[in-house]
Every structure is written in C-alpha cells, then in structure tokens.
Amino acid sequence: MPLMTSPSRREFLRVAGLSPALAPLLANLSAFATAPTGRAKQRLVIIFSPNGIIPDNFWPPASAAGEPLELPKILEPLAPHRDRTLVLKGLCNQINGDGDGHMRGIGCLLTGVELLPGNVQGGSHTPAGWSSGNSIDQEIREFLQKRPETRTRFGSLEFGVYVPDTADTWTRMVYAGRNKPIAPIDDPYQMLGKLYGDARDRKALGGILDAVSEDFAKVRSLVSEEDRRLLDEHASMIRDMERQLAADAASAELNHIVPELESGVSEKDENMPKLSRMQIELMVNSFACDFARVATLQYTRSVGQARMAWLGVEERHHELSHRPDTDLEAVESLTRINRWYCEEVARLATRLAETPEPDGSGSLLDNTLIVWTNELGKGNSHTRDNIPFVLVGGTSQQSWGLRGGRAIDFGKTPHNRLLMWLANAFDHPIKSFGNADFCGEGALSGLV
Amino acid sequence: MRQHGTQNRRAFWAAAVVFLILPTESLASDRDRGAQIFQQSCVECHGELGQGTDYYSIPLRGDLPPSELARIISATMPEGDPQACSGEDAEAVARYLYDAFYSPFAQARNRPPRRELSRLTVSQLEQSIADLVGSFRWQGQWGDQRGLTVKFTKRVNTGVVDQPVDLVLPKVDFFLSDLKSLDQSYLDPTAKGKEEFGNDRIDVHVHVDGSVYAPETGEYEFFVRTAGGVELWINSEPIIAERVRSDEQTELRARTKLLGGRAYPIALSTARIAQDDPELTLGWRRPDGVDEAIPTRFLSTSFYPQIEITDVAFPPDDRSVGYVRGASVSRAWDEAVTAAALETTESVIDKLDQLAGLKPEEAELDQARANIAAQDFCLQMAEQAFRRKLTDDERWRFVERYFQSAAAGLLAAQEGPPADVESDSPSTAWATERALLAILKSPRFLYPEIGYALDASQTDARVAGRLALALWDSLPDKPLQEAAKRNGLSDTEAARRQAERMLSDPRTRAKVLDFFSQWLRLDDVAQLSRDPEAFPDFNDRVAADMRSSLELFLEDVVWKGDSDLRRLFLSDRLYVNVRLAEFLGIEGIDPAQQQDPEAFIEAPAETDLRSGVVSHPFMVTSLSYYRDTSPIHRGVFLARHILGRSLRPPPEAVAPLAPELSPELTTRERVSLQTSPHQCQSCHVLINDLGFTLEHFDAVGRVRQVDLGKPVDTSGGYVATDGSRIKLRGSRDLAKYLADSPDVHRSFVTQLFEHLTKQPMLAYGQATQDALLKDFRDHQFSIRRLLVSAAVTAAMAD
C-alpha cells in the first residue's frame, strides 16, 4: 500500500541511507531472521539505460580462459567487481511486429513478445500499443509470491530515475501482463512513502473501504455493459487494497527503520546523479528489509533525452545517439554517457557488497544478480542485435552461482533464452517465455 | 452512457440518399466499377474492408481526398504492375474505397464512437479538491492593481521609528538605494536613530504582501535573493524560513506545487540589518521556465485565501487519442487517489473549526453540538462533491451513520476522557475522517456521470456539473449551483449565460492555455538546446522569452478584442522584451526607454515574413534540430496539429540523413532527396510542401535568405481534404491560407471540443460537429463564442 508522506512530514527527512553499521541492529528484528529453507534469499535487479552503446568502447575483446576479463572504457567502472562480472554478447531481440525500434527495444526487452497493435506512433514503422505479455521480472515475482517461503511484502519494486511523465510505449519496460504496463516510480519520496507508509492512514482507510466496495456494487447497474468493465476493474482494486491492508496489519514488518532522504531534490536533468543515488539507497534498504526479491531500475526511457551537463555533454542523449560513427565528438560524448550509467551500476553493486545479508552469511551482492541492459545494440543503426547484457553479482552457490570474470559471445541468439534462464535460476522451470519461436533451444547455458 | 451510433447512421443515410438521387447514373455505376476493381485487384492484400491482411497489415484509413488517392493508386498499384490500374479505373476505385471505409466519415459510420464513462482526469481531481475545500472559504478578487505591496518599517533595535511607508512595486527586484520615494533615513544606513533607543543605527524591515497567479499547474521554484533573514509564505505555507543568516549565500530557494488558473497569497519578510544597501529579489522559475523576478503581470496587491493542493504525484492520464482523458484506471492511479483523499481529509480536519465555523472552545464545552455542526459540514461536502442534492440514502450512507456512532460514543464516554482521532472509539473527528474519506473515494465523486444517472430528475445539476468540468475542470460554483436548484439551466440560452459568465474566470484561461500547450506541443519542447557554436547568442533565457512571447500572443488573441481565430494566423506583431528584440533584430525598442527590460511589449515584427503562430519564433525554433531546420517536423506539425490531418507512419525506419554526410546539399535538397522514393511520397508530398514554406526561418527562429549560400526556396503547396489544390510560397502565403482553410477550422473546433469535454466529438453526432462549425463560421470565428457553444452543447446533450 503505497501512501505518500505529507509534505510536512517529508520536509524533515535528511541525508542518511542505511549504513553498514546499522545492519547488525536490523538483524535483531524478527523480519530479518534467516530464511527457513536453507537456501539464500535470491534476488534479481534489472537496470535499463537507453539509446544503445558504442560497441568499440563496450564489448570486451575475446580473452583466453584464465586471463582476467578486460574492461573497455565504458565498463571500466566495474573494475572493483571484475570477478563478479559476466558480459554477454550476441543476444538479439528478434521480436518483430508493431512499433518502432525504440518501442520494441524497450517493450519486448523483458517480455520477449510482440507489442499489441495500438495508437502510439513512433518516428517510423507501424503504431503500437502495450506489450502483449508480461515481463520476466513480473513472471518471477508472481512465482516467488505464490510460495510462502519466498513471499515478501511487495514482491517486486519498480524504480525509475528521471522517467518522463508520459505513459507511452517508449516509457514502459515492465508489464504485469498483456496490456498491463507498470509505471516505474521515479520520485524517491513517493517510493519512500510506498515502502514505509503511514500506519494511521491505514487504519482510517480500513474503516471505509468496505463502504466503498458497497458503493461500487450499488452504482454498477447504472451504466452500460461496456462501461461496467471500467467500474469493475476499479472495484477490484479497492478489494485488493482492503486485503492488502488486512495482511499488513497482521504483519509486524511495518516497524522497520525508515531511511532518510535529502529533501527537495526535484526532477531535472542536473539532479539525475542525486536521484539515482537516492533510488539506489532505497533499493538496498528494501532488500535489507526483505521487502522484495525482484527490482527494476529504469533510467529515463527508450529514446531518453537526458542532458548530462555534469559530464560536459550539453546535447541531449537521443539526438546524439543518431550521429554517424564518423562523428568522433559524438562517439566521445556517448561513451561518457554510457560510462556514467556503468558507474551507477557499479555503485549499486558496491552498496550491495557493503551491506551484509541480515543473517550474516555474506553480502547482499552474493545473492543479488544485477542485469544491466539497453533497448538497442547501437543508437544510430537502431539494431536490436547484440543487445548489451552485463551481469554483476550473484556469485554465491546458495543462490545464482554465477561464474564471473568472463565475457561470452553467443553469436546470434534470441534474448528470450536469457529471460528463460533468469526464471529457471529461481527454480521456476518455464519451458518458454514470450514468443515461443525464439525459445526453441531452451535456456542459455554456460553462465554458472 | 448512451450510444450515439443511431444519430451517426442517420446522418450517413441522409447523405447517402442525396448521393443516390443525384441525376446521373454514371456516379452509381462508377461506384460499382470501383467496387468491382477493388474486389478483383485489391482485396487479396488489403482485405474486404481495407482492414489489411497478413501480407499487408496497415489498414486503409485516412483523410486524403479521392483525387490524391487516385494519384497514388495510379502511380503504385497494384504492386508490381502499376500500369494495370490508372486513369479512370484508379479514380473509380479511389472513390469507392473513400466512401466505403477510408474517409473519416466512413470510419465514423462503420465504427461509431461513443461517449465512454470517464473518471475525473488528474487535473479535474486536483481542481475539484481545491474547490471542494475552497467553497467553505471566502473568495478573492484579482483586481486591477498589478504588483505587490511593500511595507518599509524603520526600527532601532526592536522599536519602530516613525510611520511605516507602503509602496506598490511592479515587482520585487531592487536595491534599497533604488527606491527614490523613500526618504534618506531609510536609504542611508548611517542615519542616526532617536537617542532614546540607545542605538544609533536604523534598520529597515521589509514586508511584501499580495498574491501571485499561477498560469499553469506544476512545480514552481521560488527564490529570494538577499543577505537578510527571510520568511517566504506561498499559499499560506512557509516555504522558506531562514531567519538566521550566517552563510555567504545570498539566495534561498524552495519549491511548491501550484494549480493553474488560480491566485495564491504570497508574503515575504526580510530586513536590512547591518548592511549598507541590501538587494531584494523575489523570483520564481515556472514549470519548464527560467529564473526570473516574478513578472508584474502575475502579481496583484489583492488578497486571496489558501487553496487546498494535494501533494500527491499522480500517474499521467492517457492522451493517446490527442487529448487528455480519464478512460482507464490503474492501480497506481487508485493508490494516488487514495493518498490524495487521505491528505485532504487530514488537512480539512486540521482546519475544521475554521471551515465549519466551529469555535474550538465552544466545541470543547458542547461536544454534542459540535458533532452536529461537523455532520452538517460533511453533508455539504458530499453535496458539493457529488454536484447535486443528496438522496436520503446518500445522507445516511456517506455521513450520518458515522456521526450517529460518534454521538453514541460521546454518550458512552461522558464518564471518561474525550476520545480523539487517534483512538479507535468513534468521536466527532473519527466520524469526520470516515465521512470525508468515503466521499472522496466514492465513484459518485470520481465518475461525474454516474451521479446524474443515479438521480435522473436533476437534469439542471447535470448541466451545471458538465459546464464546470468543461470550462474549469472543476466543480460548479455557488451561482451555478443556485441556478441548478431553481431549474434555471434547462434552456440553452440560460446555460449560455452561465457559460459566458464562467469565461471570465481565470480557471477557463488556464484550461485554454493548456489546450494551446497541447495543440502547439508547447509542453514537448519546454527546454530547447541549440549548438552554441552555430548560435552563440541563443540560450535558455532567449528560449524562455520566445515561449512567453507566444503565450502572451495566444492570450491576446483569445481574450482581447474580437477573439478571431484568423488573427492567430495573420497577426504581424510580436510580443518582445529588450533581450528578444535584440536577438531577433527588431528595431525601435530602446533599452534606455524601457522601465523594465524584462517586460514584454507588442511591436511590429522585424519582417513581413512573420505571420501569426506558425512562424512565431518559438514555433519555428522548437520544430528544428540542434543546428538545422527540420521541414519534416514543421510539415508534420502543420499537417497533424493545425490542419488536423492523419498521417501514416513511414513504411520503414529512416534515420534522417546527417547534414555532415552531404555538406553540399541545402536542407530542402537533402529532405527532398531522402523522401523521393515512391513509398515516401504518398505522405511527404503533403509534409514537405507544407514544411518548406517555413524555410525562411532558421533553427533559432531567425529570418534567413540563404541556406549554404543558395537563396532559400520556400515554394510549397497543399491538397486539402476536399481535393482542392493550392500553391504556397513562403510563410505569409501559408498563414493566409491556414486562416481561411476549412480543414483548419474543422480541426480547431474538433480539438478544442475534445479538450473541453474529454470525449470524442463524433460521439455527439456528425450534426453536432457541423452545427458547431457553422456557428463558429457565422460568428467571425470567435474563439470565445466557440468555448461557450462547445461547453453548452456538451452540457445539454442527453
């Protein structure tokens, strides 16, 4: 139940974050006891940054077995995590159908299935709507939420950084199902409200939701059958909220320590670094509190137009990404932009590595796999071949068992097979995901 | 919701009958022939009704006239053998498919749009909450005096010396020494105070009062520049409270959300203590704007009450059909509504004594009476929120049952201490909280049309509610409610009178500005960045000036004079301040003569190429690239937004040719080259020929005569939906054509109507569109009249 904190309450929140020193304290809370299954708390984070990469500065050169993984300019910030980094080349988003390259780039990235026909028109191709299937993070979330030993309060959390305030195909990566995009929350204050809520508000709400449901039942007969669908959908949300409130009330989890955020950071280009860090802190926090096992973090959107003046890049990102390879200045700017995204990925990895698992067995990063990806292989060609997938963390044998320090080239393999691997690694034995035509040879192998 | 299909079908048959009884047989046989050819040569790929097939999936739908369709068919169809269907055959088949399924008219007939049940949009919800609470407060009046009242008080220590001086300043942006109307004792920090205070230095305290108008909804960042202590109150909330200053920083900033079309109380206190000649600037940064001292036109010396604003971040509404609407719900939206309901409830309970006229000490003494007063307050809230009189069931369901429990709780608690809102036992606060939450979460509030369906006898309340939503995005005010109560809205003339009255409310202005912002895509291009090497004197501030200039022009066209749409296209004047005049090279604005160099004045444009909105510096700039113009963006904008044409997407992904790769080509030549293939031409004839007419304006909106050393070629043209062809040369030709174009008139009427009502226009029937267009034309294209006619038409619909 995400509820906003009121501005007056919010005003007094200050910089902090969950420092490693706090963790032993947290471990005393009942919610942080070790999972009873003996298996570690396996987690997945998917990070998105837009507009393709600069291949020469991104893909590690082929290296012989045993040699350390070489990190080209864009990937350099991952050096502290070199041994836990696995770079996957040759994975291709081969989904065709409606939508322009950017739309399919982001809309089919985690769903592996075509977009529905729709009325959102891009710069080319046919118009499209939302995805026709769910995304892999939501597939895994549903799977984990069904089983009591892996169920968490939220299941998954959808973070964003500086995502434009429009609901369209370029802006949504995560889908609960066909035609059901989930908007990332890019306001850290809103996320804080969602995570920590307000107990008194819950009580008041609990007192009236029953009456609201009754109200819906009473008015639904007044509208036509076509319009009733909308009311019924709304009414079912009210009932879900009622159930959620009841469940929350029964759980002791609400007593968590609330992290503090710097106040008044607004959504604008120059605040992206701050916003990113705030979201990373909230994510690390919610893993430490076991609020969720799955998270996504979406930077801007496909076709993202961030102006990264703090990198000395004044021109907007998407516009830059269209420049030809011969424009060396643009190549340099794009390299800097991608490297900045990589720094944020590395920052998350570092924060997870610094934060111990509540049960004391290693760090959060040991059991958390970060997957950093993009809607395009390359910006100026709009190719969806060689979509970047960089895997970091998850090296514990109790969870992912990833073998890092490597780069693998899969040639030309549909990316659906990576999506399947992610689910299988959670012991969710799906035989295909998204468009089955691209799943023929099963989940990828050789990652662990 | 009622279906409007019958009406559409009737209109179609009426037209069809006219068509059939035309005294030529050839037309009918021509149609048969077209149908026959379509069956033989087209169905296989395009499908029976042009809906598309696996082989070619794009449906044949659009608004090209039959003549253009025939041209394209002649040139390209059937695939592989374009000669097989040309001349009269092509015309016949074009005519057939145009009438059968291609044209907008045929589409509306085949799939009649309907009015869908809609929830309040985000703007409507925010505005409604503001007025719901605001209706229990007094009303402010903007008045005629622009600027703010600034009170200067001399003090020695804490003691006041002499009478304070009140000045009305056009804006707050001065050094104390600038203010010649203050006497020397204010200006000279070494002036001695009266001896009895024991201190020889005079301090000057400054207090600023008045109100500030927010033209649009969004986050406003306020800043105060001074070294003194500062308290800044916006909308009765202290957003800056830095009374102690020991830092070097002279600027303090804070943000707050404001709803557009409303004025807010503003107050600022500071003091000159221990400085010689302090400066004081009260500035803001509007949503997507730049730092500026708050301009005079947004300030008033009048007073306003606080406005209730929820701080909740709502997910954006769907606008995929061209206007914002509330046709779907999502979990995030429901959660945001819940959060807003909670926040509003908490805020109302905090101010309950003020809003419900309860004195706290009396409430303390007579809890039973306070309980009744709070119940009355909640009943009024429900009536406002549901936009009509309550039924007995509603009184009980939403309000009385909670207060009855509270009354019982009071009796039971007489022995013990009084319960408060924190406790679980029913108290007055407890009942108020539940009643308000139930009201704000009710579908009767969130889906306005449901309430009217619930009590069909209150048709006047329905008219009032719809008018308020159409013109204000909000709830009916007192005059509307009263008119509804005495059944004074059942005839069109009475409804028109109300709508005309409502036009003068600033909320209508905000809604109209919002329309322009979407129609002209102002919100997509809030911040322009341009190559500093090519355009060293272009910057954010010039871009913001261009935007202000356009806004002032739009306001002017709609709200001053005859409100004639044609002036939007034909005006040869520009609003400029000193900086923009310099940038554009407009002469005759002498900086020395301008009291306020930031203030905008209307001046003749620098060139007769400039004509109205489509060649306004902001528009031609925003429809350009980082260095170059973009005839395609300009053409698409003119076709889609101004002329209301539907354009098909490009058949394949095309990255624009980089200018660097063909340095010898002008922009026009490059675009022509790239769009020369057959499959591009079906749309790009339309796009390019419109876009090229604006080639006289470069990527920062300035006039140019040459591109790459060659004279700019601005020849172009347009083929209208009625098939008429026109040659155009340059921006003025274009503007003249647009001003009188039936396509523009139809597009404007339709888009404005849909912006107001949040429903598809054709759901009200073809006849409604025709009638509104005729009314618009018959009244010299008055936009103000159109606002009234559109709002009233929708409000009176069944």
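Figure 1. A residue is buried if 20 or more other C-beta atoms lie within 10 Å of its own, exposed if 12 or fewer, and partly exposed in between, with C-beta atoms placed from the backbone. Helices (H or I, at least four residues) and strands (E, at least two) are DSSP runs numbered from the N terminus. The model is predicted: local features need pLDDT of at least 70, side-chain atom pairs count only at pLDDT 80 or more, and totals for chains, interfaces and linings use all residues. Residues are numbered from 1 along each chain as its sequence is written, while chains are lettered from A and ligands numbered from 1 in the order in which they are written.

**Figure 2. Strand β8 of chain A is paired with β2(A) and with β7(A).** Strand β8(A) spans residues 389-393; 5 of its 5 residues are buried, so the strand is largely enclosed by the rest of the structure. Strand β2(A), residues 85-92, runs antiparallel to β8(A) and is joined to it by 4 bridges; here A:V87 stands opposite A:V390. Strand β7(A), residues 368-373, is likewise antiparallel to β8(A), with 4 bridges between them, and A:I370 has A:V392 as its bridge partner. Two strands pair if DSSP finds at least two bridges between them.

**Figure 3. Chain B meets chain A through 46 residues of chain B and 53 residues of chain A.** Contact requires that the C-beta atoms of two residues, placed from the backbone, lie within 7 Å. On the side of chain B that touches chain A, α8 (331-350), α13 (428-441), α14 (443-446) and α15 (448-454) each supply at least two residues. The largest share, 9 residues, comes from α8(B). This side of chain B divides into 26 nonpolar, 4 polar and 16 charged residues. Here Ala, Val, Leu, Ile, Met, Phe, Trp, Tyr, Cys and Pro count as nonpolar, Asp, Glu, Lys and Arg as charged, and the others, Gly among them, as polar.

**Figure 4. Helix α6 of chain B is a buried element.** The 13 residues of α6(B), 122-134, should span 18 Å at 1.5 Å a residue, and the end C-alpha atoms are 18 Å apart, which agrees. The expected span is 1.5 Å times one less than the number of residues. Of the 13 residues of α6(B), 13 are buried, so the helix is largely enclosed by the rest of the structure.

Figure 5. A cis peptide bond, with omega about -15 degrees, joins B:M77 and B:P78; B:P78 is in the loop between α3 (66-76) and α4 (87-102). B:D473, not a glycine, has a positive phi of about 60 degrees and sits in the loop between α16 (459-472) and α17 (478-485). B:D473 counts as buried because 29 C-beta neighbours lie inside 10 Å. B:K758, also other than glycine, has a positive phi near 65 degrees and is found in the loop between α28 (742-757) and α29 (766-778). With 24 C-beta neighbours inside 10 Å, B:K758 counts as buried.
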